[in-house]
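Please consult the sequence and structure shown here.

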Amino acid sequence: MSAVNDTKLKSVIFLLSGLPSHGDAHLWISVPFCFMYVISILGNSVILFIVKTDRSLHEPMYIFLSMLAVTDLGISITTIPTIMGIYLFNSREISLDACLAQLFFIHLLQCIQSSVLLLMAFDRFIAIYNPLRYASILNLSRIAKMGVVAVLRAMVIKLPLPFLLKQFQYCRANVLSHSYCLHREVMKMACSDITVNSIFGLFTKLITMGLDSLLIFLSYVMILKTVLSIASYKESLRALNTCVSHLCALLLFFIPEISLSLIHRFGEGSDPLLQILLGYISLLLPPMMNPIVYSVKSKHLRVRIIRVFIK
């Protein structure tokens, strides 16, 4: 009996969903996706290269930015095979093992990204609250430890997800709502009781993105309190201006992710096209826009990037 179950488990195939199209339209739809991936990979790679090679950028803010670039690159690389496979080769099938591997890396990288955004909020608070001790408080050793903790936390929380899903038998309609695999989507395909998995999935969201967003909010409350205590209007405006890039990164990450989570949990009758579009925005927009936002807002970084391309 167990041999039969193993055979069923190994032969499970899911069908990924893309934007509705006919004939050659698939190829035309692939053009904007190719553009977004090229911008994401090139932009984040350039930031990593510049921060690594330019010693003047070995400051806490730019080190945290390079951490964000690594997670953005990881998410782009993780989603390229399935998204581009659909539009270039009309390849919609994905095996259970490949699906579980992809969803693990997507959720892991998103969890790390959430932690990095929290660390960046802490970085902005220290820079504004105690600028004289900024470099000594956030030294390289401490930043490295923070990064390791962020990765370990994500590993501990997200590692059980694929193993819990692996225990299920899948006998329902196997068409997923997105062009990539997500925990909740795959869980819905199971013909077993998913109550424990559903509770665990919600729990992981709350102790990662939920907790991080709360701590980020508190960080900005403290930043505003510090800024309002600055006597000079010009100085307070300059202090707030250093947070604009980070606020943009927060909005790009949390708004689509929260919207998608709410639709998955409470929007049973929602339009499938809306889910697909929100899924693309959630995973493709932040990696593409983060390098652009930081390059535009940071004169120091922008000058270095221009210098690299001129050379």
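The model is predicted: local features need pLDDT of at least 70, side-chain atom pairs count only at pLDDT 80 or more, and totals for chains, interfaces and linings use all residues. Residues are numbered from 1 along each chain as its sequence is written, and side-chain values use heavy atoms, with hydrogens and water left out.

**Helix H13**
- Leu 301, Arg 304 and Ile 305 of H13 are buried (under 20% relative accessible area, against over 50% for exposed and in between for partly exposed; 1.4 Å probe, protein chains only).
- These residues lie on the same side of H13, because they cover an arc of only 100° around the axis, taken from the directions from the helix axis to the C-beta atoms.
- Lys 299 and Ile 310 are exposed on the other side of H13.

**Salt bridges**
- A salt bridge requires a side-chain nitrogen of Lys or Arg within 4 Å of a carboxyl oxygen of Asp or Glu; the count by this rule is six.
- Arg 304 pairs with Asp 54, with the closest N and O atoms 2.3 Å apart.
- This pair joins helix H13 to the loop between helix H2 (25-53) and helix H3 (60-89), 250 residues apart.
- Arg 153 and Asp 212 form another salt bridge, at 2.7 Å from N to O.
- Arg 153 belongs to helix H6 and Asp 212 to helix H9, 59 residues apart.
- Arg 124 and Asp 123 form a salt bridge at 3.0 Å between the closest N and O atoms.

- Arg 304 is buried at 17%, as is Asp 54 at 16% relative accessibility.
- Arg 153 is partly exposed at 22%, whereas Asp 212 is buried at 1%.

Definitions and conventions. Helix = DSSP H or I, 4+ residues; strand = E, 2+ residues; numbered from the N terminus.
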